[in-house]
Structures are given as C-alpha cells and as structure tokens.
Protein chains: 2
Amino acid sequence: MSSEPAPPGFELPLRLLLAFRTIIDELHERIAHEGHPDLRPMHGFVFQAIGPQGTTAVELGRRLGVSKQAAGKTVENLEQLGYVERGSDPADARRKVVRLTDRGVDCLVRSARIFDELRAEWSEALGEEQLRRIEDGLRRLAPGDPFRLDTPRWFGAP
Amino acid sequence: MSSEPAPPGFELPLRLLLAFRTIIDELHERIAHEGHPDLRPMHGFVFQAIGPQGTTAVELGRRLGVSKQAAGKTVENLEQLGYVERGSDPADARRKVVRLTDRGVDCLVRSARIFDELRAEWSEALGEEQLRRIEDGLRRLAPGDPFRLDTPRWFGAP
DNA sequence: CACGATAGACAACCTCATTGACCATATAGA
DNA sequence: TCTATATGGTCAATGAGGTTGTCTATCGTG
C-alpha cells in the first residue's frame, strides 16, 4: 500500500501519449540532422512495415491498418521523396512490389540506431531495471502487435 | 545489470502508443454504453481542457496546441452535439465563453470516473507499486504539461 | 474455360487541420 | 481624448490524409 494518494486516472494516458511524442519528435529531429529533413514521423513506421524485402500496397495497408488506397498514396509520396521504388513482380503481373531504395534503407538503419540511442538515454536516466519494468508492464497491459498505424484514422474517425 | 539483451529501441514508443490507444479505446467503449455514443476520443480531452469554469476558443486553442480556428470548429461540433454552449462575457464584448452543458459535465464526470476505474484495473494487474513506478518514470522522462492535443497535426504535418 | 478472388488505379467525398484576411472590441500612450 | 496596437472571433481557401465506390487486369481453381 502506498501512502500517497493515487494520481487521477486521466494522467496516465496523457503521459503515455506525451512520452510517445517525446521519443518520436526527438527521433525526427535527429534524423533530420543526418540528411533526412523531409521525413515525417509516420514514415519511419512505414519503412519498418515495408521491411528490407519489400511488399505491396495492399499488404502494406493491411499491416498498417489502413485502406489499400491510402497505402498507395503513402507509397506514392515516399516514391517522390526517393525513399521507395516500385517494380513489377515477374511471378505475378498484378503485383507491384514496393522496395526501399538505398536512401530508404539508410533511413531505416539510422532510425533503428537512433531509437536504440534514445532507449539507452532513457535507460541511463531511469536505470535499466526501471526501464525494463516499464516495458514489461506495457507489454502485459497492451499486448499484441504494436504495428498498427491507423492512429490518425482512429483519432479523427467519426 | 540485466542478463537479458535489451529489446530494440523502437519497441518502447510503439508500446507507449499502443497502451495509450488501449486506454482511450476502452474509455470510449464504456462511455458509449453510458449514454454518450457519439463522443469521440479527443472530446474527453477537450472537455478537460475546457474545464468546469469555461474558456474561450482562443484560449482553448492555446491549451490544445492548435489554431484558434480549429478550436472554434471543435467547439462548434460539440455545441451541435449538445455538450457545450457559448455565452457572451459581460466584461469583455469580444470574448465568447464556452461552457460545458449539463450533458457535458455529465460526460466529464463519467470519463473521469472511467479513467480512474481503468487505472484501478491496471493497478490490480500490475500492482500499485509497479504502476506508480511507470507513472513516475514517464513523468521524469516526458515532463511538462501533457495537455497538448495537437497530435493529429503533429502526426500529419509537413 | 469460365468464374470468383485479388492487385492496382482513378474519382469523388469527408474530416480536420492550416494560413490569410477581415471586423469588433479593449487597452495603452501621445 | 483620440489614436495605434493587440486581441477575440469569423469567414474563405487550401492541403493532407483518410474513406468508399467503381473499374480493369490478372491469377487460381473447379
């Protein structure tokens, strides 16, 4: 039993969101200084969802939890920015495989490294044990595949 | 020192977001069953930002981190849904004070209670001590006023 | 070979934010 | 007191990003 009164329940979700944003904003800022200034927060997740092997717009939409059209538009944007390229699949003429370009891979590698650096900084600030407790707790309370990217829709949907 | 290898750095932000969504979705579902089915996730935060005393559109926009026009539109929507009402300020003819209606207050009270219930459930699942450690950690790592609601903009902005 | 399922593209629309311009009012300074 | 500036609110235009609906091309199976 703790002697202090429990904080109001609404603080926890706000802190969760704020912590998420803090990490993402920091990532965004650092990667902008490493040659990717036109990258947007969600793009990193899209790169992770595309993966090194490439995928298709439909499959990408499924992974991200959005429609295939929305995924297609995102791919189009990333193609214009030079992060992905589209090729045809010789085994299936319908599929157009989306692959990361060298620039896209560079970005993926850098973002993975920066995420690790950020985690290391948090570990230093909190202690590794404490940070693991947080991660374990979140894993228990919010299990499942965290790779759904439909947050914008979820946030604004009717 | 932990013997297990540290998880990849990108897991933590994803878990933070997923946990946030888990709480908000659950709140949304419960409050829909208590007579507020047309409420949207962000509205609860808007009510918190309006507060029992009322505020203005400009001030609301500042608190939420969005433009005054966006805040005004949100107020307009909530007014149509019957959650807020706009009155004039006798001391300043420019201001139009936004206040929660009875229905809005009901919603605010219920959402506060449900947030507390959800926190209690998490406390039971994790142990109060553990939950407090998470809250303390998040407070230290993501300090400041958590009441910025510009996530949609942040998520999609150029 | 025909039929259903799948991949992709195009169009129309919605929601929610933005910026810019404009008017009304309050406040401070000459 | 009168004027200049700041502030609150509204309207209009725009843009990003998502959705549904429809259409065509291709694959796989009975």
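A polar side-chain atom of B:Gln69 lies 2.6 Å from a base oxygen of DNA strand C, a polar contact in the sense used here (a pair of N or O atoms within 3.5 Å; within protein, one must be able to donate a hydrogen and the other to accept it, and residues adjacent in sequence count only if both atoms are side-chain atoms). This is a predicted model, in which local features need pLDDT of at least 70, side-chain atom pairs count only at pLDDT 80 or more, and totals for chains, interfaces and linings use all residues. Residues are numbered from 1 along each chain as its sequence is written, chains are lettered from A and ligands numbered from 1 in the order in which they are written, and side-chain values use heavy atoms, with hydrogens and water left out.

**DNA strand C**

- Around DNA strand C there are 24 residues, and the closest are A:Lys68, A:Lys96, B:Arg40, B:Ser67 and B:Gln69; a residue is near a strand or molecule if one of its heavy atoms lies within 4 Å of it.
- Of the atoms of DNA strand C that come within 4 Å of the protein, 59% belong to sugar and phosphate.
- A backbone N or O atom of B:Ala93 is 2.9 Å from a phosphate oxygen of DNA strand C.
- The side chain of B:Arg94 has an N or O atom 3.4 Å from a base oxygen of DNA strand C.
- Two or more residues of the surface near DNA strand C come from each of helix H3 (57-64), H4 and E2 of chain A, and H4 and E2 of chain B; helices (H or I, at least four residues) and strands (E, at least two) are DSSP runs, numbered from the N terminus.
- With five residues, H4(B) gives the most to the surface near DNA strand C.
- By class, the surface near DNA strand C has five nonpolar, seven polar and twelve charged residues; Ala, Val, Leu, Ile, Met, Phe, Trp, Tyr, Cys and Pro count as nonpolar, Asp, Glu, Lys and Arg as charged, and the others, Gly among them, as polar.

**DNA strand D**

- DNA strand D has 25 residues around it, of which A:Arg40, A:Ser67, A:Gln69, B:Lys68 and B:Lys96 come nearest.
- Sugar and phosphate make up 59% of the atoms of DNA strand D that come within 4 Å of the protein.
- An N or O atom in the side chain of A:Ser67 lies 2.4 Å from a phosphate oxygen of DNA strand D.
- A base oxygen of DNA strand D is 2.5 Å from a polar side-chain atom of A:Gln69.
- B:Arg94 has a side-chain N or O atom 2.8 Å from a base oxygen of DNA strand D.
- Helix H4 (68-80) and strand E2 (92-100) of chain A, with helix H3 (57-64), helix H4 (68-80) and strand E2 (92-100) of chain B, are the elements that give two or more residues to the surface near DNA strand D.
- H4(A) provides the largest share of the surface near DNA strand D, five residues.
- The surface near DNA strand D divides into six nonpolar, seven polar and twelve charged residues.

**A:Ile31**

- A:Ile31 lies in helix H1 (residues 11-32) of chain A and is buried, with a relative accessible area of 1%; buried means under 20% relative accessible area, exposed over 50%, and partly exposed in between (1.4 Å probe, protein chains only).
- Leaving out residues up to four places away in sequence, A:Ile31 touches A:His36, A:Leu39, A:Cys107, A:Arg110, A:Ser111 and A:Ile114, where contact means heavy atoms within 4.5 Å.
- C-alpha to C-alpha, A:Ile31 and A:Ser111 are 6.9 Å apart in space, and they are 80 residues apart in sequence.

**Salt bridges**

- The count over all chains comes to 40 salt bridges, each a side-chain nitrogen of Lys or Arg within 4 Å of a carboxyl oxygen of Asp or Glu.
- In chain A, a network of salt bridges links A:Glu26, A:Arg30, A:Glu34, A:Asp106, A:Arg110, A:Arg113, A:Glu117 and A:Glu121.
- B:Glu59 and B:Arg63 form a salt bridge (3.3 Å, N to O); they are four residues apart in helix H3 of chain B, so about one helical turn separates them.
- B:Glu59 is partly exposed at 27% relative accessibility, and B:Arg63 is partly exposed at 34%.
- B:Arg119 forms a salt bridge with B:Glu128 (3.0 Å, N to O); B:Arg119 is buried at 6% relative accessibility, whereas B:Glu128 is partly exposed at 22%.
- The side chains of B:Glu135 and B:Arg119 also meet in a salt bridge (2.9 Å, N to O).
- B:Glu135 is in helix H6 (residues 128-141) and B:Arg119 in helix H5 (residues 102-126) of chain B, so this pair ties together parts that are 16 residues apart in sequence.
- Both B:Glu135 and B:Arg119 are buried.
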